[in-house]
Amino acid sequence: MNRAGHRDPLEPCNFATEIVDAGRGRALLHVLADGTMQDVGYDWLAARSTRLAHGLIAQGLAPGDRVLVIMQRSPDWFAVIFACMKAGLVAMPGTTLLTAEDIAYRVQAAGARAAIVSPGLADRLPPGLSDLSDLDALARAPAQSLPQSRAGDEALVYFTSGTTSKPKMVPRDHAYAFAHAITARHWMGLSPGDLHWTLTDTGWAKAAWGMLFAPLLAGAVVVVHEPAGPFDPAAHLAMIAKLGVTTFCAPPTVYRLFAQCAIPPMPRLRRALGSGEPLNPEAMRAWLAATGVQIADGYGQTEAVCLIGNGPDAPIRPGSMGRPLPGFDIAIIDEAGVRLAPGEIGHIGVRLTELWPPGLFAGYATPDGPDRRAFRHGWYFTGDTGRMDAEGYLWFVGRADDLVISAGYRISPFEVESALLEHPAVAESAAVGVPDATRGQILRAHIVPVDGVRADAALAAEIQAFCKARTAPYMYPREIVWSRALPKTVSGKIRRAALRD
């Protein structure tokens with residue numbers, strides 16, 4: 001590994017053998033659905049993943065083969081991912097929310113040869129795909145010769161949950177796992193002995209951030225909480241306090257739900273993190289008032305590690321994503337890759353240096369080779385827009401294709417949605433641009449009202465006036481549509497294209 005923390009693509013590299021097999025002591029705290037708790041050591045993870053790796057090879061799978069993995073949160077999910085890494089196979093994590101159609105698309109796009117799924121999910125698998133879900137049978141296979149992987153070898157494949165198109169395939173190499181040292185140190189602020197809990201589905205890349213790689217690199221113990229029915233915010237709050245969680249990460253949606261509960265004392269909690277979607281200032285204020293701990297927002301993608309964040313030693317500016325993390329040159333740029341002045345809205349770009357930015361992917365995988373259209377003018381265009389203030393703090397504006405231009409004004413749907421969410425009658429909102437003969441576009445807000453609220457013209461006018469008072473006057477939604485629910489992708493992102501249509 002060179003001085004900048006990069007791994008040479010040809011260098012031997014495998015997180016499962018270098019970190020898991022070499023680990024000592026407790027790795028996981030397994031909280032079962034009934035509340036029972038079990039410690040899981042590195043020795044168990046190492047032995048279980050090695051036996052499963054032998055079993056996978058005994059099934060005829062070869063290095064580079066892709067294996068679909070759809071499993072609930074459990075220690076065996078960790079063991080399966082690490083087994084694939086040891087066997088030179090490419091794990092394709094997927095959420096348990098995927099339908100048979102979703103799975104068929106991913107299997108065909110990736111050319112997956114086998115699948116490992118939780119009980120009850122096998123009937124969603126397409127015909128002809130080898131189902132290797134009997135882990136105990138796999139673990140009884142005779143010992144096989146395990147291959148040596150290199151830093152540039154493919155280790156994982158994720159599918160981005162596109163809001164306007166089919167999900168794109170994002171390959172991640174073995175070096176990616178180690179690049180999450182940046183995530184662990186400079187955003188999450190993890191230390192040996194921390195008890196860390198990230199609320200996420202095992203199918204999202206966020207699980208790689210907050211469960212698989214960053215905490216184990218930092219020597220923290222990971223909470224693995226098995227689902228027990230629908231999400232219960234009060235029960236989760238009680239569990240954070242009971243376990244003595246020291247570092248916690250969740251999407252803003254969860255923090256908003258927590259704000260509606262009686263939050264118990266959490267004396268051991270020292271760091272709270274928000275990610276997965278932009279963090280609204282109102283969610284931060286509610287959590288701080290209840291716990292005394294500020295939420296540190298962070299920004300990254302399936303295609304990268306954490307790129308921007310409110311670090312553990314930096315002042316937090318509510319509503320800001322933070323500043324670029326060490327190892328990255330990040331700026332607000334125009335279409336030609338020219339850096340823009342503070343305050344101007346443009347593309348969030350990662351400058352491509354001689355040493356490739358750590359943890360950044362090299363292009364979307366397609367049958368015709370890597371799709372590298374996001375790399376141009378010496379930058380990686382993230383697909384998101386934002387602005388930077390004079391002190392280098394970055395502020396999210398929206399997806400590049402979601403920006404609304406009305407009568408020459410550039411409007412961030414996210415800023416409008418943040419203002420709308422502060423109104424007590426608004427449970428959820430999404431703002432989109434729709435055609436207008438005079439202004440080119442106007443802003444329309446789709447609002448899910450709080451239960452028991454009478455959604456009528458009077459309330460719409462009240463919300464419009466409320467929004468005008470909290471944003472620039474041109475940013476208020478000129479149309480309001482009441483909705484029972486907002487259309488979302490399987491990862492929970494709002495499908496604005498469906499709302500525009």
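The open sheet here has 9 strands in the order E2-E1-E10-E9-E11-E12-E13-E14-E15, with mixed pairing. Strands (E, at least two residues) and helices (H or I, at least four) are DSSP runs numbered from the N terminus, and two strands pair if DSSP finds at least two bridges between them. This is a predicted model: local features need pLDDT of at least 70, side-chain atom pairs count only at pLDDT 80 or more, and totals for chains, interfaces and linings use all residues. Residues are numbered from 1 along each chain as its sequence is written, and side-chain values use heavy atoms, leaving out hydrogens and water.

**Exercise 1.** Work out in which sense E11 and E12 pair.

*Solution.* Begin with E11 (residues 247-250) and E12 (residues 271-274): they pair in the parallel sense over 4 bridges. Then look at alanine 250, which stands opposite glycine 274 in E12.

**Exercise 2.** Describe how H6 and H7 pack.

*Solution.* First, take the geometry: H6 (residues 174-188) and H7 (residues 205-218) pack at about 80°, with axes 8 Å apart. Axes are lines fitted to C-alpha atoms, for helices over the stretch in contact, and angles run from 0 to 180 degrees between N-to-C directions. That makes H6 roughly perpendicular to H7 (angles of 65 to 115 degrees). Next, list contacts (heavy atoms within 4.5 Å): the H6 residues include Phe178 and Trp187, and those of H7 include Trp209 and Phe213.

Technical notes: Angles under 35 degrees count as roughly parallel, over 145 as roughly antiparallel, 65 to 115 as roughly perpendicular and the rest as oblique.
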